[in-house]
Amino acid sequence: MREICRQTGISRNTINAYARRFEGSGRSYEDLLQLSDTELAIFVYPRESLKELSARRKYLEDHLDYYYKELKRNGVTRELLWREYRQKQPEGYSYSQFCELLSQYRYKKEPVYHNTYTPGEILEIDFAGKKMHYIERESGKVIECPVLVCTFPYSGRSYVEPLASGRMEHLIPAMNRTMEYFGGVPKVVLSDNMKQFVKQTSRYEPSFTLLAEQWAVHYHTALKATRPLKPRDKASVEKSVHLSYQRINARMRDEVFYSLSELRSRVFELLEEFNNSKMFHQEVSRRERFLSEEKPLLRNLPAEPFRLKYRSQAKVKPNYHIILGEDWHQYSVPYQYIGQKVTIVYDEQVVEVFAGVKRIAIHKRDCRRNGYTTLKEH
């Protein structure tokens, strides 16, 4: 026993306990050596001696399917289910054990395929679930901004931008800036079934809006959409959304912004920190991996970004302003055109007013509803 203790470093009491269990098995050491590790463990390790332990395990296993289905309902959390479980089983498992067993059951029900990605092939895009916001100085009104997140899943390099709205007139220019930020175009742009891109969802072949297809043709890339209700099809962008909350939103939680440009500037600052920081358990940043392995494989950017312009008609009001109906914002024109019909041509940033073929006014786009943009001189 002393020699075994010296060679193994195990205490003599532990060795004696093992010996008693082997002797109590009724088998010789030669027979025991023929057993597999699993079979031998039955004799080495003590069996559960408490009946109530097996009973609480059986109770939980009988109810795991119920907890698994309940967890999919809105607002239902693991903690809530555990508290309900402990009300019925006061001597039941702790919260951590409950979550572990529930996770094991979930993985059995939902096996996950490990995706592998080709450098420079796919760019995944999504809107973050939680919006950012800024405060309008004049009125004190809180203006919410949807957040676009774009990620190359191979390198993990991301682009994050808060938008004035989720409409195509703001999404398309943001997608243009995304391509400029990465300095090239991927073969495929993968999105979820966002209404701005996908006209009709399908598990096999979704159809895209005409404007989205025009944008894709301009950038010489292909559009793909994930299967409906299958967020794991774009798991890396889902992860990037989560990381953006951690690395960007959390850092900005006590900061106040008074314009969309201020908000964007701060987001871009934190975005660079995120992309330039070393990845967990890796000695390389997302930016370094992107530049060395993905950037050379991207297609060249077109000579000009995709231009999205809208056209509408309006009548100059007695206060020498016209109304852009989409925002319900008023812009001034020369008073000589009061009562005349004019044409408004606008995009995300600029509003132009034409009388026939003559441009009579140009303004910076302002999305404030019921607001006025007035120039003293035209």
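Here's a quick briefing on some helix packing, sheets and a pocket in this structure. It's a predicted model, where local features need pLDDT of at least 70, side-chain atom pairs count only at pLDDT 80 or more, and totals for chains, interfaces and linings use all residues. Residues are numbered from 1 along each chain as its sequence is written, and side-chain values use heavy atoms, with hydrogens and water left out. Helices (H or I, at least four residues) and strands (E, at least two) are DSSP runs, numbered from the N terminus.

**Helix packing**

- The axes of α2 (residues 12–24) and α4 (residues 37–44) come within 8 Å and cross at roughly 105°. Axes here are lines fitted to C-alpha atoms, for helices over the stretch in contact, with angles from 0 to 180 degrees between N-to-C directions.
- The contact (heavy atoms within 4.5 Å) brings Tyr-18, Arg-21 and Phe-22 of α2 up against Leu-40, Phe-43 and Val-44 of α4.
- By class, the residues of that contact are 5 nonpolar, no polar and 1 charged. Ala, Val, Leu, Ile, Met, Phe, Trp, Tyr, Cys and Pro count as nonpolar, Asp, Glu, Lys and Arg as charged, and the others, Gly among them, as polar.

**The five-stranded sheet**

- An open, mixed sheet has 5 strands in the order β5-β4-β1-β6-β9 (two strands pair if DSSP finds at least two bridges between them).
- β5 (158–162) and β9 (222–225) sit at the edges with a single partner strand each, so one side of each has no neighbour in the sheet.
- From one strand to the next, the twist averages 20°.
- β6 (residues 188–191) and β9 are parallel, with 4 bridges; Ser-191 has Ala-225 in β9 as its bridge partner.
- α8 lies across β1 (122–127), β4 (147–151), β5 and β6, and runs at about 145° to β5.

- β11 is joined to β12 (residues 329–332) by 4 bridges, and the two run antiparallel; His-321 stands opposite Ser-332 in β12.
- β14 and β15 make a hairpin with 2 residues between them, and Gly-356 in the turn has a positive phi of about 70°.

**The second largest pocket**

- This pocket holds about 1,000 Å³ of space. On a 1 Å grid over the protein atoms alone, a pocket is an open set of points where a 1.4 Å probe fits, with protein on both sides within 12 Å along at least five of seven lines; lining residues have an atom within 4 Å of a point. Grid points are joined across faces, edges and corners, and the volume is the space filled by probe spheres set on the points.
- Of its 31 lining residues, Tyr-134, Leu-260, Arg-365, Asp-366 and Cys-367 are the closest to the centre.
- The lining has 8 nonpolar, 8 polar and 15 charged residues.
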